[in-house]
Amino acid sequence: MILGSINPAVLMAALMVAATPILLAAIGELVVEKAGVLNLGVEGMMIMGACLGFIVAVNTGSPVLGFIGAAFAGMALSLLFALLTQALMTNQVASGLALTLFGLGLTALLGQKYVGITPPRTPKLDLGPLSEIPFLGRAFFSHDIVIYLTIVLVAAVWWFLKYSRAGMILRAVGENHDAAHALGYHVKRVRTLAIMFGGACAGLGGAYLSLIRVPQWTEGMTVGAGWIALALVVFASWRPWRALAGAYLFGGVVVLQLNLQAAGVKIPVEYLSMSPYLITIAVLVFISSGKARGSSNAPGSLNRPFHASS
Amino acid sequence: MIRLEKRKEPSKFWRIANPFLAVLLTMIAGGIMFAMLGKDPITAIRLIFFDPIFSETFGSYSRPQLLIKSAPLILIAVGLAIGFKANVWNIGAEGQYIIGALFGAGVALAFFPAPGWYIFPLMVIAGAFGGFLWAMIPAILKTRFNTNEILVSLLLVYVAERILAAMALGLMRNPDIAGFPGSRDLRRYEAAHNAELIAGTGIHWGVVAAMIAVIFAYAMMTRHMLGYHVQLAGQAPRAARFGGVSPARLVVICLGISGALAGLAGMFEVSGPGGQVRIEFASGYGFTAIIVAFLGRLNPIGIVLAGLLLGLTYIGGELGQMMLQLPGAAIQVFQGMLLFFLLALDFQTNYRIRLTQGARI
């Protein structure tokens, strides 16, 4: 084994790249769940973002427009979910699944002509002397702007949920929708907005996969990233900074696993590539077993439909 | 102004009518989609929904295919529906299907090339057991550690897919053909072959198993205490707990049944129509079966009809690819749309639209 050939700075840099797509999707879903809605369609919204973002970027030559397109694509699909669960009072679990199945099918159709194309490159952010610092420069300061914006987004969501008035209304709606309704808050409007935010974030996460991380379009390319993002929200016990820590932890596992593959460890690739899923399950078990702190932090009205009776 | 009013009782009429309406709407929306793809919508819809059965030219080929495609869907969906009724969400049937196939094929390959009447029954048991075991992982994690069964069962699909690849490339690879992934062809191994029972009908043991499962599920849900407990736990979990229904037991039973049935479906597929353990063996039956379960109203009889319909779209999709160069993914979109329309229409089962005068106070 040639573990010595793995450069820790490169590893750290790759880890951040691997973590960003699921972090984006997870931070969006965290807000959705904080509003009391369980949207299992993250995988579908991510793949929509990956596909539409790719198509827009290739056709316009601009990754920025690609990301914007991806956010709108994810949001469009999430609006469908909002229509179903908020206006038509459908079962959230079934609707989320429908979203995922539909998204996977639709993108396979839309992206057909785009397989094998290379998207326009997203430039690295020029941080000047910072990226010259030994180790730290390579690890933390030589990335594309999306990685940094994602961290800013985590901070913004944290601030929004904790300190802003709108964030408190959102949390109230998620904790007890009947009480929030009695106080005069528009439960469905708040939830719809949260769902749209979640969709946009999932779309961005998908676009990060197809435009930066891979970068290519292939059918079903999210391979469960959306589900891992859902697990990440539970792991984070609905706290934004913990989602960041969890995503980076997860990114570390993915990157280490890929490096072991490349280093030619005597374990078949198929078994190594299982590890992200197995570790996600293990972490879920650990969190939900109640030994860890914050396991009962789930929003009170999560996955309960709201229908104003009066 | 318009507002929704919750019905005291879900409307029986709409419960039955909605699946048909959803199919109709899907055909219309699908036709629009095909038109946008530059195909003649009427021809495409006819090709998918009618020609596999009624066409003179392909009918003789595709009619038997109907049972071959529908049987695994029905077998899996019947099991899933029991769980869905009790609010136990096994959405990882695809994984249980794969593991069942691997267990079944494993038995066959271990005995190869010995003849023996007992080999196929052993494969059946192994297949069911494999699916059962794979479903027990989320079940036990749920009952022991309260881990969300939706996420675990789904994540295990990806693990199962990788085990499948590892098996096709490693342990189960056919040693006689060097360089190609994939196991021996079980169709060429008589003792393990899940052959057509009546020539030209497509009926194999999987079809028989699906029929038995439907009858058993029907009897259980309508006549047996367990079926009553399942319904009770789904509709009134608190009441069920006071009534002495153990939620943990129910989780294990529901996941166990659906896992075993999905495993069986995988085993019948790998020993018959599929033929061998290959990387591309999994074809999404486990996910489509979720749609079948909902479209069939979680009712065994309804599931038979829904399974036949979605089986039909698989064949129709293949025909469409051949005849009209329709993209294969179009069928997936179709299936997704079907579920959307069904869910959307169902609001009128539980709610009624009321027009009220003036603003609400």
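In what order do the elements of chain A run from the N terminus on? They run α-α-α-α-α-α-α-α-α-α-α-α-α. This is a predicted model, in which local features need pLDDT of at least 70, side-chain atom pairs count only at pLDDT 80 or more, and totals for chains, interfaces and linings use all residues. Residues are numbered from 1 along each chain as its sequence is written, while chains are lettered from A and ligands numbered from 1 in the order in which they are written.

**Figure 1. Overall fold of chain A.** Chain A comprises 13 helices and 0 strands; helices (H or I, at least four residues) and strands (E, at least two) are DSSP runs, numbered from the N terminus. The radius of gyration of chain A is 20 Å, close to the 19 Å that the globule rule gives for 310 residues, so chain A is as compact as a globular protein of that length. That radius is taken over C-alpha atoms, and the rule is 2.2 Å times the number of residues to the power 0.38. The C-alpha trace of chain A spans about 65 × 45 × 40 Å along its principal axes. Of its 310 residues, 52% count as buried, a class that requires 20 or more other C-beta atoms within 10 Å of a residue's own, against 12 or fewer for exposed and the values in between for partly exposed, with C-beta atoms placed from the backbone. Among contacts in chain A with a separation of 6 or more, 78% involve residues 24 or more positions apart; two residues are in contact if their C-beta atoms, placed from the backbone, lie within 7 Å.

**Figure 2. The contact between chain A and chain B.** Chain A and chain B each contribute 38 residues to the contact. On the side of chain A that touches chain B, at least two residues come from each of α4 (92-110), α10 (225-235), α12 (269-272) and α13 (275-288) of chain A. The element that gives the most to this side is α4(A), with 12 residues. By class, the side of chain A that touches chain B has 27 nonpolar, 10 polar and 1 charged residues. Here Ala, Val, Leu, Ile, Met, Phe, Trp, Tyr, Cys and Pro count as nonpolar, Asp, Glu, Lys and Arg as charged, and the others, Gly among them, as polar.

Figure 3. Chain B has 15 helices and 2 strands. Its radius of gyration of 22 Å agrees with the value near 21 Å that a compact globule of 361 residues would have. The C-alpha trace of chain B spans about 80 × 55 × 35 Å along its principal axes. The domain assignment of chain B gives domain 1 (1-37 + 331-361) and domain 2 (61-326), with bounds from an automatic or database domain assignment. The C-alpha centres of the two domains of chain B lie 29 Å apart. Their contact takes 9 residues from domain 1 of chain B and 11 residues from domain 2 of chain B. On the side of domain 1 that touches domain 2, α1 (12-36) and α14 (329-345) of chain B each supply at least two residues, and the largest share, 6 residues, comes from α14(B).

**Figure 4. The surroundings of B:Ile76 and B:Tyr285.** Within the largest nonpolar core, of 230 residues, A:Leu232 and B:Ile76 touch the most other members. Such a core is a set of buried Ala, Val, Leu, Ile, Met, Phe, Trp, Tyr and Cys residues joined through C-beta atoms within 7 Å. Not counting residues up to four places away in sequence, the residues that B:Ile76 touches include B:Ala93, B:Leu261, B:Ala289 and B:Tyr285. B:Tyr285 is found in helix α12 (residues 285-295) of chain B and counts as buried because it has 25 C-beta neighbours inside 10 Å. Although B:Tyr285 and B:Ile76 are 209 residues apart along the chain, their C-alpha atoms are separated by 8.1 Å.

Figure 5. Helix α8 (residues 205-223) of chain B has 19 residues and reaches 26 Å from its first C-alpha to its last, close to the expected 27 Å; the expected span is 1.5 Å times one less than the number of residues. Buried residues of α8(B) include B:Trp205, B:Val207, B:Ala213 and B:Met221. Their cover includes α4 (59-85), α9 (225-235), α11 (247-271) and α13 of chain B. Just after α13(B), B:Gln325 takes a positive phi of about 55°.
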